[in-house]
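Work through the following exercises with the sequence and the structure side by side, and try each task before reading its solution.

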Amino acid sequence: MIAWLRFLVTASAFVVVIIFLVPLQFLFLKTGWRPRTTTPILFHRIVRRLLGFRVHIHGDMAKGRPLLLTANHSSWTDIVILGSLHEMAFIAKAEVANWPLFGMLAKLQRTVFIEREKRGKTHHQASEIATRLAGGDAMVLFAEGTTSDGNRVLPFKTSLFGAAQVAIRDAGAETVTVQPVAIAYTRVHGIPMGRSHRPLVAWPGDVPLGPSLIGLLKDGAIDVDVWFGEPVVIDRNSDRKALARTMEERVRAMVRSSVMGRDFVNPEVESDSAILNGAKKL
C-alpha cells in the first residue's frame with residue numbers, strides 16, 4: 001500500500017512538472033533564448049528527486065570544448081542522472097524519437113537521433129554530431145550502442161567516435177576533448193545492490209519501459225555513482241579505434257570500482273600517446 005501511494009504521489013508530481021516546464025522549453029527552443037540549455041537541468045533534477053536517486057559524483061566534467069562524453073548505458077535513468085548535473089545533449093537511437101512522451105522530451109533536450117544499423121548514414125550522422133560539438137555543446141555518446149544489465153560494460157562501438165575527428169576536419173576545431181563517464185547503481189534503501197537486485201534499475205532493450213518506470217516510482221531510494229574519468233585530447237591524426245578501446249577500459253574500471261566497492265585506480269590501458277600518434281582517420 002505504501003509503495004502504491006508513493007507511486008501515485010510521484011506520478012502526479014511528474015505530470016505537474018511536465019505541464020509546467022514542457023511549454024516553457026518549447027518556447028525557449030523556438031526563440032533561441034538561453035534557458036533552452038538550462039531548463040533541461042532543472043527538469044532532470046526534479047525528476048531525479050522524485051525517483052529517489054542519491055547521486056555521488058567522483059571527479060569533474062572537463063572544461064575544454066569541443067567535448068564528447070563517452071558513457072556506459074544500463075537504463076533510461078542514465079539520462080536523468082547525467083542531465084541533472086551539467087548542460088549536455090545526448091545522442092540516441094532513432095526510434096527514441098517516436099516513443100510516447102519520452103520522444104518529445106528527448107527532442108526538447110536537443111537530442112541527436114542516429115540510425116546505428118545504417119552504415120551508409122554514418123558520415124552524415126557524424127557530421128551532425130560534429131557540428132554540435134564545434135558549436136560548444138557537450139555531447140553524450142552511450143558508446144555500447146544499447147543498454148546492458150548494469151553488471152558489466154559491453155564493448156564500445158567505434159563508428160561514432162569518428163564524429164570527434166569530423167569536428168576537427170570540417171568544423172574548424174583543432175582538437176576535441178573526449179572524456180570517459182561511468183554510471184553505476186550501487187544501493188537500494190541503503191543496502192548494497194547485488195547482481196540480482198540491479199534489474200530494479202537496469203533496462204535491457206527487451207524489457208518494456210512501463211514496468212520499469214512504475215517499479216522505480218514505487219520503490220525509489222537508490223544510490224548511484226557517477227565518475228568523470230581522465231579526459232583525452234585528440235587531433236586529426238588520432239586513432240578512433242584506439243580511442244574507443246581506451247574509453248571502454250576506463251569506463252569499465254570505474255564501474256567495477258563502484259560495483260565492487262573499491263577506490264578507483266587507473267587501469268592499465270593504451271596510453272594517450274598511442275591514440276594521438278595513430279595514423280588511422282575516419
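Helices here are DSSP runs of at least four residues, numbered from the N terminus. The model is a predicted one.

**Exercise 1. Find how Glu248 and Arg252 are placed relative to each other, and which contact joins their side chains.**

Begin with the secondary structure: Glu248 and Arg252 both belong to helix α8, which covers residues 240-259. Within that helix they stand four residues apart, which is about one turn. Next, look at the side chains, where the closest N and O atoms of Glu248 and Arg252 are 3.0 Å apart and form a salt bridge. Finally, consider accessibility, for which the cut-off for buried is under 20% relative accessible area. Glu248, with 12%, is buried, and Arg252, with 19%, is buried as well.

**Exercise 2. Which salt bridge does Arg252 form with Glu249, and how far apart are the closest N and O atoms?**

The salt bridge between Arg252 and Glu249 has its closest N and O atoms 3.3 Å apart. Because these two residues are three residues apart in helix α8, about one helical turn separates them. With a relative accessible area of 33%, Glu249 is partly exposed, whereas Arg252 is buried.

**Exercise 3. Determine which parts of the chain the pair Arg54 and Asp223 ties together.**

Start from the contact itself, a salt bridge in which the side chains of Arg54 and Asp223 meet at 2.9 Å, N to O. Arg54 lies in strand β1 (residues 53-58) and Asp223 in strand β8 (residues 222-228), so the pair ties together parts that are 169 residues apart in sequence. As for accessibility, Arg54 counts as partly exposed at 38%, while Asp223 counts as buried at 6%.

To place these pairs in the whole, note that the structure holds seven salt bridges, and that Arg110, Arg132 and Asp137 are linked in a network of salt bridges.

**Exercise 4. How many cavities of 30 Å³ or more does a search of the whole structure find, and what lines the largest cavity?**

The search finds one cavity of 30 Å³ or more, and the volume of the largest cavity is about 50 Å³. Among the residues lining the largest cavity are Asn72, Arg152, Ile183, Tyr185 and Val255. Strand β6 (residues 176-188) gives the most to this lining, with three residues.

Key:
Residues numbered from 1 in each chain as written. Predicted model: local features only at pLDDT ≥ 70, side-chain atom pairs only at ≥ 80, totals over all residues. Heavy atoms only, no water. Salt bridge = Lys/Arg side-chain N within 4 Å of Asp/Glu carboxyl O. Buried < 20%, exposed > 50% of the residue type's maximum accessible area, 1.4 Å probe, protein only. 1 Å grid on protein atoms, 1.4 Å probe; cavity = no way out; pocket = protein on both sides within 12 Å on 5 of 7 lines; lining within 4 Å. Points joined across faces, edges and corners; volume = space filled by probe spheres on them.
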